[in-house]
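Here's a quick tour of one protein chain, written for someone who likes the cut-offs spelled out. Have a look at the fold before reading on.

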Amino acid sequence: MTESAASRVLSLEELAENIIELSYNRDIWRETAIECKTLVALIAVNRFLSRIALSRLWKIVTHDEMIHFIRIIVSSGTEETPNSNRHERYKFYAAFIQIMNIESSQHSDLLVLETETKSMVTSGDQPPLFPNLRELTATQAQFEEFPHLRGSLLKPALQHFHVQLTKWGEETTILKDFTSLCPKLTLLDTRGFPVTPTMFDSDIFPALMQMSQLTTLTMSVREDTIGYILSNIHDFPSIHTLEFTVIDDGQTIPPPPYDPPKSHNHGPTYLTRLWIISRSGDSLLNMLEICRERSIQVDDVGGITYSGSSSSLVSAVLARASKTWPDITQLSYMDKDRGYKRQYNRSTLEPCIITPSLLIHLLTLRSLTSLDLQPFGPFILDPTFLDRLAASCPLLKHCVFSTDKRFPHIKTGEPQWGLRFTDALRFAGKLPHLRILGIASDARRPPTPSATDKQTQEIAVCPTLEELHIGVSSIDDVSYVEDLMRRSVPNLITLWWQYSANLNMRTELRMSEGERDIWQEVERNLGLLVY
């Protein structure tokens, strides 16, 4: 192919974009990712390809890219570059940036941008800097210290805004700024300083009323603010995703009850997603109750706590969620207190064991497609419950029960399993849409050949399963497990097991080093991705 012909071929925009995307964004397991130098080389091919490659190279700017961005604007180690040249380079490269995170940027770097922006304004050169910026992450302090940079970043095209709040008061102008300057905002994420009902009422409520395209609201809040927001959510029909992080602001007494809702519309409201991160699981229960009282329908609900939750709390969450939303499609509960850094034993875990009787409410959720339960305690399930779950929730695509702890026998210390590995595979075979499964079980070879033959014959094929989370499952024979997996999950891509993450746990609660080696050999033999 001649040079001119190659140039004409590369002028096809779709082809050029595919070449650049495959050259730059290459994420293949166990292969070195192609560095930016490949993209830089593509920039020199021709002018058309250069424009596309530059837009990909500068699409996302975080801490590391910001350093290079500053060097381009102001040459280092040479005579000072004339203002006009610096301004031109600033405008040229800023036009490519679509996603920008300055939260962790150096003060000196931001000062350069502030100085250059101010210089352009005072000289009468006021072009639309960052015209294609779609997503911005910054802090309240940065915006207050660099007002000219703030003005150049808050643009009508901005759609996602993440801001770290450090204080609140009359001098806080961030909400007023992006309310008037960013009319197309679809995601607002305020983190750090907890929003109180008073703050929401006086500042955030009026701002949200003007954001007709806002769909996602993520906030750090005081717990009583959740009730206030949910009670007035009817006034914001465009919002369909709410995510709260409850921050303890040091109060030693319960907060006063929130005022009656402003809204006169008390009809049902639909939310696609409702999540809460809190220290206590009670916050999740309270949120579910408010939704029930206010007739708020939710498709995807989840909670993350840090409390080392008991089994009774997990059961209460499932009971209330299933009662409030019988048609829910996605349900998640996770406890961040996994116990990896503290010494837990059998007596500590006993009140936290999750048994089938505590999960009975799941059997009413026939529309469920995703179930992710990772509380603090271990699961001890049985084949009968799995059979009932498969029959009750046939649409499941994602089903994970926490797999990171074993429960030792009181006398022998051996792990107590309610399930064999073949039970988990048979369960997977009964769900025609299942892609991800997480269940810890006993994958050791049965003691007799007849038992081995019987269990092998009982497994079913699950051609859709791509990820299998086995956690701390027991194993003692490579060929036995390898044969089962070849038969049952022929299209499996990834196997997740857990060893190094919980080395600080007592030995009877975690996988042994020998078992880890066996699982690794199974992975190698099957050519699976390892995590």
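Predicted model: local features only at pLDDT ≥ 70, side-chain atom pairs only at ≥ 80, totals over all residues.

Residues are numbered from 1 along each chain as its sequence is written, and side-chain values use heavy atoms, with hydrogens and water left out.

**The chain overall**

You're looking at 20 helices and 16 strands, taken as DSSP runs (H or I of at least four residues for helices, E of at least two for strands) and numbered from the N terminus. Of the 531 residues in the chain, 50% are buried; buried here means under 20% relative accessible area, exposed means over 50%, and partly exposed is in between (1.4 Å probe, protein chains only). Among contacts (heavy atoms within 4.5 Å) with a separation of 6 or more, 83% link residues 24 or more positions apart. The accessible surface is about 24800 Å², and carbon and sulfur atoms own 52% of that; areas come from the Shrake-Rupley method with a 1.4 Å probe.

**Helices α16 and α17**

Helix α16 (residues 383-392) packs on helix α17 (residues 421-429) at an angle of about 10°, with the axes 10 Å apart. Axes are lines fitted to C-alpha atoms over the stretch in contact, and angles run from 0 to 180 degrees between N-to-C directions. That makes α16 roughly parallel to α17, a label for angles under 35 degrees. On the α16 side the contact uses Pro 383, Leu 386, Leu 389 and Ala 390, and α17 answers with Asp 423, Arg 426 and Phe 427. By class, that contact has 5 nonpolar, no polar and 2 charged residues.

How much of α17 is buried? 8 of its 9 residues are, so α17 is largely enclosed by the rest of the structure. The buried set includes the charged-class names Asp 423 and Arg 426.

**Single residues**

| Residue | Relative accessible area | Class |
|---|---|---|
| Cys 182 | 3% | buried |
| Cys 291 | 1% | buried |
| Phe 92 | 42% | partly exposed |

The structure holds 0 disulfides, counted as pairs of cysteine sulfur atoms within 2.5 Å. Phe 92 sits in helix α6 (residues 83-94). Phe 92 and Phe 130 are 38 residues apart in sequence, and their C-alpha atoms are 9.3 Å apart in space.

Methods. Parallel < 35°, antiparallel > 145°, perpendicular 65-115°, else oblique.
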